[in-house]
Amino acid sequence: MESVREVPVQAGTMTPLVTLIVSQPGMAGRLIAQHRDDGTGRCTACQLGAQAGRSRWPCSIYAAAAAAEEVRADGAEAR
Ligand SMILES: [Zn+2]
């Protein structure tokens, strides 16, 4: 198992997905760029892969990426 740098974060924010995104440089920004509001309150990226359901924006992936961005920013300032 790879050890992940511990950073102060609010309880509930640090999900496994957030941890993964934080560990990948540039991933948070890429996801945020892809998962955007298409203008009707839905995610531009998620609706491509999920025909059955409408993915509302912010989707869970965007939320995780945004949380990861905050974690990275906090970690950078603390060092
Ligand atoms: Zn999405």
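Predicted model: local features only at pLDDT ≥ 70, side-chain atom pairs only at ≥ 80, totals over all residues.
Residues are numbered from 1 along the chain as its sequence is written. Local features need pLDDT of at least 70 and side-chain atom pairs count only at pLDDT 80 or more, while totals for chains, interfaces and linings use all residues.

**Exercise 1. Layout and confidence**

Task: State the secondary structure of the chain, and find where confidence is lowest and highest.

Solution: 
1. Helices (H or I, at least four residues) and strands (E, at least two) are DSSP runs, numbered from the N terminus.
2. The chain has four helices and zero strands, and reads α-α-α-α along the sequence.
3. pLDDT, the predictor's confidence in each residue, runs from 0 to 100. Its mean over the chain is 80, with 70% of the residues at 70 or more.
4. Confidence is lowest in helix 3 (residues 46-49), with a mean of 65, and highest in helix 2, with 96.

**Exercise 2. One side of helix 1**

Task: Identify the buried residues of helix 1 and say how they are placed around the axis.

Solution: 
1. A residue is buried if 20 or more other C-beta atoms lie within 10 Å of its own, exposed if 12 or fewer, and partly exposed in between, with C-beta atoms placed from the backbone.
2. In helix 1 the buried residues are Val18, Ile21 and Val22.
3. These residues cover an arc of only 100° around the axis, so they are on the same side of helix 1. The arc is that of the directions from the helix axis to the C-beta atoms.
4. Pro16 and Ser23 are exposed on the other side of helix 1.
5. For the chain of 79 residues, 22% count as buried.

**Exercise 3. The core and Tyr62**

Task: Describe the largest nonpolar core, then list the contacts of Tyr62 beyond its neighbours within four places in sequence.

Solution: 
1. A nonpolar core is a set of buried Ala, Val, Leu, Ile, Met, Phe, Trp, Tyr and Cys residues joined through C-beta atoms within 7 Å.
2. The largest has 15 residues, and Tyr62 is among those with the most contacts inside it.
3. Helix 1 (16-23), helix 2 (27-34) and helix 4 (60-78) each supply at least two residues of this core. Helix 4 gives the most, six residues.
4. Tyr62 lies in helix 4. Tyr62 counts as buried because 21 other C-beta atoms are within 10 Å.
5. Two residues are in contact if their C-beta atoms, placed from the backbone, lie within 7 Å. Leaving aside neighbours within four places in sequence, Tyr62 is in contact with Leu31, Ile32, His35, Cys43 and Trp57.
6. Tyr62 and His35 are 27 residues apart along the chain, and their C-alpha atoms are separated by 5.8 Å.
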